[in-house]
Amino acid sequence: MNESIRLTVDGRVVSGQKGQTILEVARNAGLDIPTLCHHPRISRTGACRICLVRVNGTALKTACTEPAADGMNVVSEDAELASVRRSILEMLLAEGHHNCLFCDANGDCEFQDLCHRYGIEEPRQPLPGRRRTTDTTSSKGLRRNEDRCVLCGRCVKACGEVQMLGVWDFTGRGDRTELTADCGGPVGESSCALCGTCAQLCPTGALTLQPVNGTAPTWETRKQTSVCIYCGVGCQIDFHTDSKGRLLYANGNENGPNNGHLCVKGRFGFDFVQHPERIRTPLVRRDGKLVEASWEEALDYAAARLSEIKAANGPDSIAGLASAKVTNEENYLFQKFMRTGVGTNNVDHCARL
Amino acid sequence: MTNSIGEIPSSEAFLVIGSNTTENHPVIGSMIKHEVIHRGKKLVVADPRRIELARIADVYLPIRPGTNVAILNGFMHVILKEGLYDKAYIDERCEGFEALIPVLEKYTPEHVAGICGLANPDDIVKAARILAAAKPMALYYSMGITQFISGVNGVKSTANLQMMLGNVGKTGGGVNPLRGQNNVQGACDMGALSALLPAYQPVIVPANREKFEKAWGMCGCSLPEKPGLTIIEMMNAAARGDLKAMYVMGENPVVSDPNTEHVIEAMEKLDLLIVQDIFLTETARLAHVVLPSCAFLEKEGTVTNTERRVQFMNKVVTPPGDARDDWWITQQLARRMGLQWNYTRAEEVFEEIRTVTPSYAGITWKRARETKVQWPCPAVDHPGTPTLHKEKFARGKGLFTAIEYTPPAEVVDREYPLTLTTGRILEHFHTGTMSRNSRILDELVPHGFIEMSRADAAALDLVDGEMVAVSSRRGSIRIRLRISPRPTPNVVFIPFHFFEAAANRLTIDALDPTCKIPEYKVCACRVEKLVAGDGGAAC
């Protein structure tokens, strides 16, 4: 039962469905309302107040939680709203210790973007100088630097609503609020399954992924989407590489059947591709040892031996194993080769294993 | 899967049987957990190990390995007795139900509890009522249903239950096998199977062979009509000396197949072993020719996931050295053996696939790149099929099969008193070729282990972390002990990823008579303390 509604945002009439928030309706219409704690993959939070908008001329509401209503008049930004946003950003900046020069998220940070957008360089308030937890070593997959944390709660919800382990939560009150993994203790000793979703959703550099195969400035990386090689779920993954083509890190792609989620294998299990022990040339056994050969030599030898064995013992003396790790095109050609080139139905793969 | 991953929120209840979902299909595992924890959906779990999902289940049934048919018949017995089945659905859409009724008669909760080793028969009743009350209920399974000599019967029993409850062909319902490899669905779809041509067209049917002979321009030559050997049968034929040569692309049977000693012996007998892979695997080390291929991120092409979705893989990085695309290598061999192949791109192969694979006919290369269609997709204007058997079953009527429980091939005795079951863990994959060569995954779990209950360990005077000897009638390994609350007493678990402590040196190569799947999930074994000087501290 979808009920259509029409409202005005910044003088433009936009339509949406009852049950949507102001933010959802506005974004669907291509309008920009800044956010920080909001993320479409988790439930509505309304914690950071960055998305405050003016509704019907007076009330300030968080667009990410306020239901859109028929006939509503929304102003996404005016002088007062901009001033409120600046104040929030200044307080967040003062509360933490945001050293972009040494931050893993430099160049890929929603908080940094907002500070640029609202011209915040130095907070007007004095820095409290209190440092929070930094733990870049206890976990094999996560780096934690709470001096960069803006307490948006995305990580808490990523773990509690997406990965469903509930590792992260807040502890303490007021300016003593900070994250805790399980009930205190280092994240590396928690029940974390290393899916990395908290780091993927973190809008700053508070939670980042451990480097797998090296790092590079975010603005020098390139992104390409592929499909995870492990189980059959078929998660779509964005793989990031540096300028030399080195694989750096992986993020879940939200358009795949995984809705952006990954497990530890999809997140961290890709560097085998660039392992130094990959086979680089064909090998042929000579005098009992595998030695390097050219493609011509190896292919000629393999085909000649296959032909000899076929001639001597018949096609059914030859069998082929295709692979659940290669593409449809490659499996198709493999079975076609076994059936037409060799002349046998002795073709199978590890479907049963 | 008859249904789609995206339908998980539409399910009102889940039966997870023979699937450690949160470790082996973690993303789907999390989606199911979300429904159960945040939306109050019901969950029944049947598994010999107290897996993570068991902790949040409404009913958890710690069944003995190899008793799936009994527990499923037990659910159906209760559903039948209490009249909880979907009579209208069965009458209208199915056939063979009458034959099932007398078989279910003796599977009373007490009888089934005895077979499955369950303390409380009432749990079976409670579970059956939950499964019958929630509509739609989705059944999820994996290799914990199939890897038995009764594997086919286990699968048919899952279908029996879901048809009885009217859950097949319904959004959020279905029989949902979770496929364990990124393109195992596609490899099957493409006919990399000994009895089936692409799209599951039996090679034994003359009309199918004729169609392919024509499509493949075989001008007078004919396709072989006799179904070929399956993977384990190949090893047996090689051991006998009947099979002389093997061409292995991207597989590692020395680690993945049951009864390792037998596999190595068989492969060493071959006159020719060609291995095409990305690493010098345990199998490649035995080869006469090794052909270096591209890894997944070095190629483009399509793969098909567990929900029949055809997805596009982009090339992300360049391959090392002289490594080549698998299709290129196969084509080079084909040309040298007299075939006039001239494919220049994967796209040309895919376009040919469409013409001989009816379920892929509507998926063009362009469409595969831009969208993610689920087969069957018979025409370019067809949207694809998220849910199978929607209006009617693919075969017309859904067929019930009356199935009796049969015990596994090897049962415990005094000499081998423990039941061994095998599988995967979250951090690793199959034979470890990929995951153990990935730094972080390797650091997380560098060694194999045997998982044992505290009671069993205490009875053998073993402590957590010590090296133990595990033996079966096929072989013996040394492995680290991990005491765990997961396994039920008298059941031990070993992941098969670790060649140096290979579970498959122990597993039995008994096969399901129909589909030839090996019984990886149950065999008899013995665990012993290593005496001093026996290398106990090594590894």
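Me: How does the radius of gyration of chain B sit against that of a compact globule?

Reply: In this predicted model, chain B has a radius of gyration of 24 Å, and this agrees with the value near 24 Å for a compact globule of 539 residues. The C-alpha trace spans about 70 × 65 × 45 Å along the principal axes of chain B.

Me: What share of the residues of chain B count as buried?

Reply: Of the 539 residues, 64% count as buried. The chain exposes about 18,800 Å², of which carbon and sulfur atoms supply 53%.

Me: How many helices and strands does chain B have, and what are its domains?

Reply: There are 20 helices and 20 strands in chain B. The domain assignment gives domain 1 (5-178), domain 2 (184-370) and domain 3 (418-529). Between domain 1 and domain 2 of chain B, the C-alpha centres lie 35 Å apart.

Me: Among contacts between residues at least 6 apart in sequence, what percentage join residues at least 24 apart?

Reply: For chain B the figure is 69%.

Me: Changing topic, how many salt bridges are there over all chains?

Reply: The structure holds 51 salt bridges over all chains.

Me: Which residue does B:Glu410 form a salt bridge with?

Reply: The partner of B:Glu410 is B:Arg474, with the closest N and O atoms 2.9 Å apart. B:Glu410 lies in the loop between strand S14 (398-399) and strand S15 (418-423), while B:Arg474 lies in the loop between strand S17 (467-471) and strand S18 (476-483), so the pair ties together parts of chain B that are 64 residues apart in sequence.

Me: Are those two buried or exposed?

Reply: Both B:Glu410 and B:Arg474 are buried. Salt bridges with shared partners also join these two, B:Asp413 and B:Arg473 into one network.

Me: And where do B:Glu351 and B:Arg354 lie?

Reply: Both are in helix H17 (residues 346-356) of chain B, 3 residues apart, about one turn of the helix. B:Glu351 is partly exposed, at a relative accessible area of 27%.

Me: Over to chain A: what is the N to O distance between A:Glu77 and A:Arg85?

Reply: Their side chains meet in a salt bridge at 2.4 Å, N to O.

Key:
Residues numbered from 1 in each chain as written. Chains lettered and ligands numbered in written order. Predicted model: local features only at pLDDT ≥ 70, side-chain atom pairs only at ≥ 80, totals over all residues. Heavy atoms only, no water. Salt bridge = Lys/Arg side-chain N within 4 Å of Asp/Glu carboxyl O. Helix = DSSP H or I, 4+ residues; strand = E, 2+ residues; numbered from the N terminus. Buried < 20%, exposed > 50% of the residue type's maximum accessible area, 1.4 Å probe, protein only. Domains from an automatic or database assignment. Rg over C-alpha atoms; globule rule 2.2 N^0.38 Å. Contact = heavy atoms within 4.5 Å. Areas by Shrake-Rupley, 256 points an atom, 1.4 Å probe, with all protein chains shown as cover.
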